[in-house]
Every structure is written in C-alpha cells, then in structure tokens.
Amino acid sequence: MSETHFRIRDDDQGSQLSVSVADVEIATYVYRPAAPREESPKPYVYPLRTLSGAPLGVFRPWDHRWHKGLQMTWSHMSGQNFWGGPSFEAGAAGHGYVWRDNNGSQLHRGFDRLDNDGTTATVIERLEWSASTDEVWLAERRTLRFHGADLVRGIWALDFETVLTNVHNHTLELGSPTTHGRPNAGYTGLFWRGPRAFTGAPIIADGAAGDAGDDVMGAGGAWAAISGEHDEIDGGATVLAYAGTSSAAVPLKWFARSEPFACLNPSPAFDEEIKLEPGRSLELRHRFVFIDRVIDRSGLEPLTGEFAL
C-alpha cells in the first residue's frame, strides 16, 4: 500500500484546522465553534469527505440542529447535556424531551501537538467541559490521528482517542436517554451523522448476517458500516467504524441505523451508566475508515481485518 501525505493548516482566525490529501480537503476540524448554547457548543469534524471529495456528513440538519458531522458528545452527565437540544426525561411531556437550562459546552484550551505534513498526521488537543453553570467538570486530552491515505483504493482513516478526567468535586454519572428510560436511544460519545443521501442505506455489522438493519442497535461487535450512494454526483461511499476500547467496565454498544437518518455511534454508555469519581479518568479509543466506493459484505470484511484496532 502506497500512503499519501496529509497536510494540516490552521486558519487565520484560530478556530479550525483544514486537513487535505493530494489537494483535496477531506476534513475540517472546527475547534472553536460559533454555536448557540442550546446546541451544546463542541468541536466537530465537518466538512468530511472521501479522497475524491465526495461528502460524508451533514451540518445542522433541520431535525437536529446540534448534529454536526463527526463530534464527541455526552447526552446525560449528572443532569447536564453535552449533546445539544432538549434533554430526555421519563414521563415528561413532548415524548419525554424537554428544554432545560442545562446545556454545557466543550472549550478548546490549546494544542500540544499539531503535525503539518506526513503520512500520519496527529492533532493532540486540550479541552475543558464546562457545565451550564460555567463550572468545569471534565478536563480532556483528545487525539485525532489521520492516516492510511491510499489514493489507488480511495481509503483514509481517522483515529479518535480521548482521556476524560473528572475535575469536579462529585462523582459524575455518564449516561444516555436509554439509561434514563427511553429504549434503544443509547446515543452518547463519538457520533457520526451521515448525509441525507445515506438514509435507508444498508448497514453491515460484525457478527450479523447480511444487512444488519435494526439488529445492530444496542448490539456489541467490533465494527459496523454504512454503504450508500451520493446525491448530485455519481457513485457512493462506505463509512466503516470500529467500536474500539473503553477503560470503563461498561461494554461499548452500537447506536447505529439508517432510518430516519444514517448514523454510527460506538456508545460507551448505551444502557448502563458510567460512574466517574473525582480525579479518575475515562479513556476511549475509536476508528473511522472512509472508503470511496460502495462495498458489500464480501468486499468489506477483508478491510475490517486490515484496519482493525
């Protein structure tokens, strides 16, 4: 495999990094977002593209304005919402979702490493998670590693690693809507929202026969993928995600589907809360692989071994 160099450029405003391969801008990491508090401001990767420049994400869709490409979230954290939008409460009006003054934010505090050119490019960032009260609850050390760019096969990969340390004076309860009473709504953690063209696209998953469909929701498994066609331009693409690892005893489970929209989310607290004591850290590691063509299970499975964490 012949790998190609990544180039990273920081913009003049000090708000986002542009990542390119062979003159194609494949990703923009917005680390100082201009977002209202109701969307729980947080860094995100958008636009997100294949090596040919085809789109692989969505930004502020009408149904969930707080969805932005690929981003690290947490939907329920000791009463705070680092996901965005309303919070789910069992028995509440409006299908259980209510607007509360509890939207937190993730604040960029600096880069410890920023590679500019290489076959592997690494970004190491320091962040603080601030509650709606402006108290800092978490200190984060986040690593994004861009690698595996292969122009011949049309593939590149992104590793996401985070160390979340509780700097609050109380134990933090890290959960999801499912841990708070809504079945099959365990979304939290690193979340990718696909383009609208991927709605209804087949999901292929580790341990599932054929197209996994709804079978992957809440399941374990090392990987899950969505393969769909593009709007406007010919062809399609495949997004392959690896569940990766968590330092918590709670198992990683998938929040993944393509109806009513496409998403892949290796949830660290799908249906069981993580209790993070003061001074303790939660470590997560995930991988996403972006492939510039539609692939069925027989073509995908060899790649799942090649890129396995």
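This is a predicted model: local features need pLDDT of at least 70, side-chain atom pairs count only at pLDDT 80 or more; totals for chains, interfaces and linings use all residues.
Residues are numbered from 1 along each chain as its sequence is written, and side-chain values use heavy atoms, leaving out hydrogens and water.

## Rings that pair up

Let's turn to the rings. Rings of Phe, Tyr and Trp (its six-membered ring) pair if their centres lie within 6.5 Å; planes under 30 degrees apart count as stacked, over 60 as edge-to-face and the rest as tilted. By this rule the count comes to 15 aromatic pairs. One of them joins F146 and W156: the ring centres are 6.1 Å apart and the planes meet at 20°, so this pair is stacked. Both F146 and W156 are buried.

For Y187 and F255, the centres lie 5.3 Å apart with the planes at 75°, so that pair is edge-to-face. Y187 and F255 are 68 residues apart, and their pair links distant parts of the chain.

Which residues do ring pairs link into a cluster? They are F6, F146, W156, F288 and F290.

The charged end of R193 sits over its ring, 3.9 Å from the centre (for a charge to sit over a ring, NZ of Lys or CZ of Arg must be within 6 Å of the ring centre and within 35 degrees of the ring normal). R257 also lies over the face of F261, at 4.8 Å from the ring centre.

Methods. Buried means under 20% relative accessible area, exposed over 50%, partly exposed in between (1.4 Å probe, protein chains only). Helices (H or I, at least four residues) and strands (E, at least two) are DSSP runs, numbered from the N terminus.
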